[in-house]
Every structure is written in C-alpha cells, then in structure tokens.
Amino acid sequence: MELLPTIWFVAIAVLWTGYLFLEGFDLGVGMLMKLFARNNTDRRVLLNTIGPVWDGNEVWLLTAAGATFAAFPLWYASLFSALYLPLLCVLVALIFRAVAFEYRGKVDTERWRTTWDWAIAVGSFVAAFGIGAALALTTTGLPLDANGDRSGGPFAWFSGYALLGGFGVVAFAVVHALAFLALKTDGEVRLRARRWFVRLVPVAVLPMLAWMVAVQFLSGKAWTWVIVVAGVASVVLAWQWARNGSEGRAFAAIGAFVVCATASIFGAAFPVVIPSTMDPAFSLTISNASSSDYTLGLMSIVAAVGLPLVIAYQAWTYWVFRRRVSSAHIPEAHGFLPAIAAKVLVAKENTSPSNPGA
Amino acid sequence: MDALEIARWQFGITTVYHFMMVPLTIGLGLVVAVIQTLWYRTGKPEYLRMTKFWGKLFLINFIMGVATGIVQEFQFGMAWSEYSRFVGDVFGAPLALEALLAFFVESTFLGLWIFGWKQLKRGVHLACLWIAVIGSVFSAYFIIVANSWMQHPVGVEMVDGRPVMTDAWAVFTNNTALVAVPHTLFGALGVAGAFLLGIAWYHLWRRRHDGIDVIGADGRLVAGEANIPGRDKGDYTVWIRSLRIGAVVAMISFAGTALTGDLQGKLMFEQQPMKMAAAEAACHDGTGFSVLSVGNLGAKNCDDIVAVIEVPGILSFLAKGDFTTEVKGVNSLLGEYKEKYGTHLPDNPLYGDRAGQEIQYVPVMEVTYWGFRMMIGFGGVAALAALIALWVTRKGVIPGSKWLMRLAVFGILAPFGANAAGWIFTEMGRQPFVVAPNPDMNGIDQVFMFTAAAVSPGVSAGELMTSLVVLTAIYAVLLVVEVKLLVKYVRGGVASAMPELAHTKGEDRGKDDDGAPGPDKADDVLAFAY
C-alpha cells in the first residue's frame with residue numbers, strides 16, 4: 001500500500017513549496033536590507049512590507065520539518081543528523097533574524113539598528129543558503145550507511161549540489177523579494193525594485209535552474225522535464241511583465257518558477273527521499289522511511305482540514321495588509337522619554353511633584 | 001564528556017531556556033487578552049494603556065520563545081536520530097499537529113494583532129489576540145501530549161521492534177497529559193501573575209518615591225501628575241489595577257498548580273514509582289514525607305541517605321490519598337525494575353561504549369529531591385507574597401520601603417524557578433529511560449527506550465560540543481539583551497508602548513514640518529510596530 005506515503009511525499013513537497021514561496025520573499029527582503037536599502041527609511045519600508053507576515057511564513061518550515069518527522073521519521077532522523085552543522089547554522093541564523101525583526105526598533109540609536117540590520121541580512125542569507133543546501137542534498141544524495149547514519153565525518157555531506165541548492169535559494173529569494181517589493185511598496189523603492197528585478201532575474205534563476213536540471217539527469221522523468229521547461233517559461237514571463245510594469249503578474253510568475261522548481265525536483269526524486277551515495281540499497285524511500293498507514297491516515301484527515309484553513313487565514317492577512325507601503329508612511333522613529341529615568345528626572349524634585357524637570 | 005552526555009546537556013539547557021520564555025508568553029498572553037477584553041467592554045482608558053504596556057513586554061518576550069522553539073523541533077532529528085526513528089510513528093504526529101494547528105494560528109494572528117490596531121475593527125482585532133493566545137494553549141497541549149507519551153506510552157503496539165500507533169484517541173487523551181496540561185498552564189499563569197505584581201509594585205513605589213502620589217490625611221492615596229508623558233493620574237490606576245490582577249492571577253495559579261499537581265503526583269506514583277521515590281529520597285518502604293534528608297543524594301544509591309525530619313503519613317497521602325498505605329521505596333523498586341527491564345544495557349552498537357554496562361535505575365536524587373521541593377517552595381512563596389501584597393495594598397498604598405519593592409521585583413523570578421525546577425525534576429526523574437515503560441498496561445509494558453540508545457550514532461561528540469557551546473553562548477547574550485530591553489520598557493512606563501501619549505501632551509518634536517507629507521493618522525497603512 002503506497003498510496004498514503006505518496007500522498008505525504010506530495011504534502012511535504014507542497015509544504016516546502018509554500019515555505020520557499022512565502023519565506024522566499026521575506027528572506028530576500030532580509031538580505032536586501034543591506035544590499036538594496038539606502039537609508040533607515042528605506043529599511044523601515046522594507047521591514048514593514050513583511051512585518052505582519054514573516055513569522056507566519058516561517059511556520060511553513062516548522063510544519064515541513066514536523067510533517068517529515070511524523071510521516072517519514074527515518075527521513076527526518078537521517079537528514080537532520082547528517083546535516084548537523086549546516087542545520088546548526090540555519091538555527092543560529094533563524095534565531096538572530098527573528099529576534100532582530102522584533103528588537104531592531106526598540107532602541108533608538110544608529111549602532112543598535114545597524115547591528116540588528118546585519119543580523120537580519122546575514123541571518124536571512126545563511127538561512128536561505130542552508131535550507132537550499134539541505135533540500136539539494138536530500139534530492140541528490142548523502143553518504144548514508146545501512147542504518148541511515150552519515151558516515152565519513154562532520155563534513156561528509158558536502159558536494160557541489162549543496163552549493164547549487166544554497167545559491168539557488170539565495171538568488172531566487174533576492175529576485176522574489178524584489179518582485180514582492182515592487183508589488184508592496186510605492187515611490188522610489190518600488191521603481192528601483194522593479195528595475196533591479198528586470199536586471200537581475202535572468203542571472204539569479206540560474207543556480208536553481210541548474211539544480212533542477214541536475215536532478216533531472218540523476219532521476220528525471222518525462223513529466224518533470226516538462227515542468228522544468230514550464231519553469232523557464234515563467235521566468236521569461238516574469239521578466240517581460242516586470243518590464244511592462246505589471247508588478248502583480250511578475251510576482252506571480254516568479255512565484256510560479258519556484259513552484260515548478262520544487263515540483264520538478266521532488267517529482268524527479270520520487271520515490272526516493274534520500275539517495276545514499278554509498279550504496280543504492282541504503283537509500284531511503286517513501287516505503288522504507290514512512291510511518292504506519294494508521295498514522296499517515298490520521299495525519300491526512302487533520303491536514304485535509306487544517307491546511308486549507310491555514311491558507312485561508314494567511315491569505316486574509318495579506319488582504320488586510322494589502323496597501324502599499326511607502327516612505328511617506330514611515331513616521332519618525334519613536335524614542336521615548338522614560339517615565340523612570342534613574343537619576344536625571346528624579347534628582348531631588350521629590351517635593352515638587354508637578355514639575356520633576358525635563 | 002561523551003556524545004550522550006553533551007547531547008543531554010544541550011537538550012536540558014535549550015529546553016529550560018526555551019521554557020523561561022514560554023510560560024511568560026502563555027500566561028501574559030492570556031492576561032493581556034483579558035485586559036483588552038475589559039477595554040473593549042468598558043472603553044476605560046486605563047485598560048487600553050494596560051493592554052499596550054503589557055502587550056509590548058509580551059512581544060519582547062514572545063519572539064524569544066519563537067526563536068528558541070525552532071531549535072527544539074530540529075534537535076530531535078539532529079542530536080537524537082535513534083530516538084526519532086524509534087518513536088517517530090507516534091511522537092511525530094503531535095509535533096506536526098502543533099505546527100499545523102497551533103504555530104500557524106499563533107504567528108499569523110499575532111501578526112494581525114501587532115499590525116492591525118488601525119486596519120481591523122476593534123472586535124476583530126481583539127478576536128485576533130484571543131485566537132493567537134488560544135493557539136499558544138493548543139501548542140502547549142500538543143507538546144505535552146508528545147512529552148507525556150515519553151512519560152507514559154499508550155495507544156501503541158510493537159511492530160518490528162518499534163512502537164506503532166494503533167489508538168490515536170489514547171495518545172491524545174493520555175491521562176498523564178490531561179493532568180500535565182492544566183498543571184503547566186496554571187504554572188504559566190503564575191509567571192505572569194508575579195510579573196505583573198512585581199513591575200506594577202515598582203511603578204507604584206516609584207510614583208511615591210518621586211513624590212507624584214502622596215498619602216492623604218485619611219491614610220488613602222492621592223494620585224498626582226508629573227510633567228512626563230504617561231505619568232498622570234490615570235497612570236496610577238494602570239499600576240494599581242495591574243498589581244491586583246497580578247496578585248489574583250498568582251493565587252489562582254497556585255491553587256490550580258497545587259490541585260493538578262496532587263493529581264499528577266498520584267498518577268506518577270503509579271506510572272513512574274521510581275521517580276517519585278527518588279523525589280522523596282525514600283529508600284525504604286514507608287508512609288513518611290521527608291522534610292529534610294541528608295547524605296550523598298547524588299550517589300544514585302541509598303547507602304548514605306538519612307531522613308532527618310519526616311512527617312509520617314504525608315507520603316501516603318500524596319501517593320494514595322490516605323495516611324497509612326505503605327509507599328514503595330527505592331530499594332524495593334530497584335529489584336522490580338531489574339527483574340522487568342534487565343540489569344545491564346544490551347550488547348548493541350547503538351549503546352556505544354555503554355553497551356553491556358550496568359543500568360542505573362535510580363535517578364540523580366540530588367536533582368529529583370531538591371527539584372521537587374524547589375518547585376513547590378517557589379510556587380508557594382510566590383502565592384503567599386501575592387496574598388500579602390493584596391492585603392498590604394488594600395487601601396491603594398504601596399509601602400515606601402525600598403527593600404519590599406526589591407523583593408517584589410525579584411519575586412518575579414520565583415515562579416520561573418518553580419517552572420524550571422518542575423520540568424527538570426520530571427525529565428531527570430524519568431532517567432535512565434527516554435521513553436519510560438508503562439508498568440500498568442499489559443502488552444505495551446515492553447515499550448521503552450533507554451536514553452543511552454537515543455542519541456544520533458552518526459554525529460560526533462565534537463559536533464555536539466560545537467552546538468552546545470554556540471547555542472549556550474548565543475542564549476546567554478540574548479538573555480542579557482531581552483532583560484535589558486524589558487527593563488528599558490518597564491522604566492519607560494506606559495508611554496514607551498504608547499508614543500501617542502507623548503504627542504497628546506503637546507510635546508512638539510518639531511520634525512513633522514520638513515516638507516515631506518507627514519504620516520496621516522487616519523491613513524496609516526500599518527501600525528508601525530517596526
């Protein structure tokens with residue numbers, strides 16, 4: 001009975017697609033904090049485009065990981081332990097990045113903001129790179145032994161595919177974010193984002209495209225080759241639409257590219273979830289890595305109700321915050337006069353409560 | 001240290017740390033939601049101020065819970081791959097459901113709440129907070145279901161050496177979870193209660209100290225105003241009300257944790273008798289509760305432990321609800337465990353160097369004995385302090401004593417200590433098992449796993465040490481940052497969370513007329529949390 005494992009393989013591919021599509025642009029916006037924004041107002045415009053949604057986007061990663069654990073425990077165990085150090089980097093990056101979003105505006109000094117801006121930019125880069133590398137390696141192969149454990153030391157996972165996947169997701173995230181900014185901002189930022197997008201997109205999709213094609217050569221099928229072609233077509237459309245100023249379409253088209261990427265990559269890899277580079281007999285597949293049908297059935301029912309709900313209320317969030325953000329909307333950073341300032345305000349004014357000084 | 005020990009330290013440190021943020025998130029979230037509801041119903045300005053102020057502190061803390069939570073989900077696979085393989089069929093589901101049904105809700109609706117003050121209708125905006133808070137409660141439920149299965153496996157069958165879920169209802173209504181969930185939630189409320197109480201006390205004390213509030217002839221307080229944004233008469237109301245809410249919440253929390261804790265204790269005496277015997281350092285069968293035991297509690301055996309003060313009957317009451325039933329001590333349990341689960345670890349490569357070693361069934365009693373007492377002690381002290389605080393401030397006056405104020409502020413830490421101690425006790429008390437056997441269910445009493453077999457075989461001690469050092473260092477730095485920010489915003493008072501208070505005070509900041517179109521209040525795209 002392979003139906004339920006197949007369904008869950010598809011479900012996990014869908015979760016990764018959702019993650020790359022949604023967090024793709026907020027990771028990209030994070031990197032653009034240092035690459036694209038020219039001053040603090042720009043940076044705050046950028047932050048406010050993703051402010052209400054980035055945390056919800058990140059949950060797609062948690063759900064993808066959790067669903068892998070539940071549906072394919074052996075896949076989860078082998079992948080996460082084999083990639084111990086790269087995933088540690090991803091965790092550190094995600095920690096700093098999340099904290100930075102929240103804390104950046106909490107102290108009104110240049111040094112404080114710059115520190116957290118770097119945390120956001122570098123954190124976004126490392127997270128995107130690490131996730132890309134991990135996905136590339138699970139679709140191209142890891143040195144797994146018979147028990148599913150990595151052999152050959154802490155860096156034995158490394159291969160050219162890791163770089164391809166890493167740069168693939170990083171570069172995609174950057175152009176996806178530019179398309180997103182062109183759609184979500186107004187004024188100079190919007191125009192500049194569109195200009196950058198048109199200029200960068202033909203190059204930026206190359207590493208991910210290379211990863212897609214590489215997987216096709218390893219394990220491709222006719223229909224997955226077709227999807228690769230569709231991916232290329234959507235990039236061309238995105239480029240053309242962005243040149244014409246159709247920002248919504250351009251964003252949708254570059255989003256379609258990443259959908260094609262995951263569909264062609266996971267489609268080609270199916271039914272293997274991690275090929276073993278030591279011996280094909282050690283490869284993990286949807287049959288030898290999956291949970292019982294009982295567990296998968298239970299999860300299917302919950303996901304069939306839960307996932308559409310998630311999509312619905314996340315879509316509603318984007319609807320609520322659909323207005324474009326521009327520098328005109330950004331008020332001054334609010335430094336505040338502390339109610340309790342250790343020495344200055346209180347001094348010896350205790351006896352004249354009406355005027356403790358300023 | 002070998003890989004196993006490093007991995008355990010890492011799990012312990014990251015989990016205890018994560019669980020400093022989580023109870024404050026859950027408890028404070030509930031409190032802020034109630035306060036905002038009061039504002040929605042009454043329209044009183046002090047409730048809006050309280051919502052904004054406590055909401056700000058809530059968010060500063062919330063993000064740390066989010067950031068450190070990701071580590072938790074990843075490290076099962078990274079550091080404990082054998083564990084993940086063994087339990088995945090049943091343990092993965094609650095984790096996946098937690099992400100799908102709780103984390104999405106929490107993060108999405110909290111984003112709506114933070115940024116939606118102007119976009120959403122008041123009722124919808126309030127509903128978003130409630131949904132997010134309920135999401136956090138659900139997340140507590142799911143993760144405790146997962147943990148409870150490690151404490152007391154149910155609803156499974158062994159197939160090819162691995163437990164396979166056969167009864168999801170049993171897993172999701174595990175009686176261990178059903179008492180642990182309310183116990184944890186009440187514990188979280190305790191953290192929030194002390195947090196409100198301590199900070200409100202500090203502000204009220206400071207208002208007196210700064211001469212803003214004075215005491216009238218009738219012994220009651222006369223609130224005054226200072227020429228600082230937000231430090232007006234309404235400010236007094238904000239703090240006194242926060243203080244009372246905090247004190248009441250702390251007391252409710254203690255009552256709740258005591259009741260559920262009693263149920264949980266009775267359950268644990270059946271499900272993990274060794275854990276409870278170790279919590280008492282009770283070597284011999286008996287009925288007495290140890291008030292003070294001395295000796296070498298860390299020795300994992302009973303050779304050197306003397307109960308100095310014992311209250312007869314109380315242990316039986318804790319375990320069985322009467323005063324006479326003999327409760328089994330460590331020595332007689334040891335024999336039972338050895339008979340049922342073996343005397344030595346199997347000769348299996350999964351156990352690494354530990355294969356074939358003798359199994360230590362007695363947990364580290366230093367930890368279980370004192371952990372149990374610290375949990376109860378800290379919780380009790382906090383509740384007692386809350387009661388005294390309510391009484392002392394019944395006329396609305398905070399004592400002028402600086403030391404009392406400091407006590408109130410540092411008292412914030414007590415429930416944190418109680419929460420941490422409780423979890424350390426229950427997790428360490430489960431050792432040497434990572435999945436403890438379920439003694440009272442035929443057929444699955446062989447579903448258990450020794451912690452020694454759970455660690456990732458392919459991951460080196462060096463890798464684990466790297467992550468332990470890196471994560472601990474980062475966590476330490478971030479703790480300093482979080483506390484500094486909390487202190488800054490506490491000192492900032494309500495105006496730090498409501499810049500509009502500063503503007504309505506007629507403070508001309510003189511920067512709005514530089515030609516650029518200023519932010520139009522009615523047309524704000526976002527509430528500009530960033």
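Modeller: Start with where the chains meet: 85 residues of chain B and 83 residues of chain A form the contact.

Biologist: What makes two residues "in contact"?

Modeller: Their C-beta atoms, placed from the backbone, lie within 7 Å. By the way, this is a predicted model, where local features need pLDDT of at least 70, side-chain atom pairs count only at pLDDT 80 or more, and totals for chains, interfaces and linings use all residues. Residues are numbered from 1 along each chain as its sequence is written, while chains are lettered from A and ligands numbered from 1 in the order in which they are written.

Biologist: Which elements give two or more residues to the side of chain B that touches chain A?

Modeller: Among them are helix 2 (45-79), helix 14 (461-492) and strand 2 (162-165) of chain B. Helix 3 of chain B gives the largest share, 22 residues. Helices (H or I, at least four residues) and strands (E, at least two) are DSSP runs, numbered from the N terminus.

Biologist: How does that side of chain B divide by class?

Modeller: It has 49 nonpolar, 25 polar and 11 charged residues. Ala, Val, Leu, Ile, Met, Phe, Trp, Tyr, Cys and Pro count as nonpolar, Asp, Glu, Lys and Arg as charged, and the others, Gly among them, as polar.

Biologist: On to chain A. What does it contain?

Modeller: Chain A has 12 helices and two strands.

Biologist: Why is helix 1 of chain A called oblique to helix 12 of chain A?

Modeller: Helix 1 (residues 3-35) and helix 12 (residues 293-320) of chain A pack at about 45°, with their axes 10 Å apart. Under 35 degrees counts as roughly parallel, over 145 as roughly antiparallel, 65 to 115 as roughly perpendicular and the rest as oblique. So helix 1 of chain A is oblique to helix 12 of chain A. Axes are lines fitted to C-alpha atoms, for helices over the stretch in contact, and angles run from 0 to 180 degrees between N-to-C directions. W8(A) and S300(A) are among the residues that make this contact.

Biologist: And what about helix 1 and helix 7 of chain A?

Modeller: That angle is about 85°, with the axes 7 Å apart, and therefore the two are roughly perpendicular. Their contact includes F25(A) of helix 1 and F172(A) of helix 7 of chain A, and its residues divide into 13 nonpolar, three polar and no charged.

Biologist: Why is helix 1 of chain B roughly antiparallel to helix 2 of chain B?

Modeller: Helix 1 (residues 3-42) of chain B packs against helix 2 of chain B at about 150°, with their axes 7 Å apart. That makes the pair roughly antiparallel. The crossing is left-handed: the near helix is turned anticlockwise from the far one by less than a right angle (clockwise would be right-handed).
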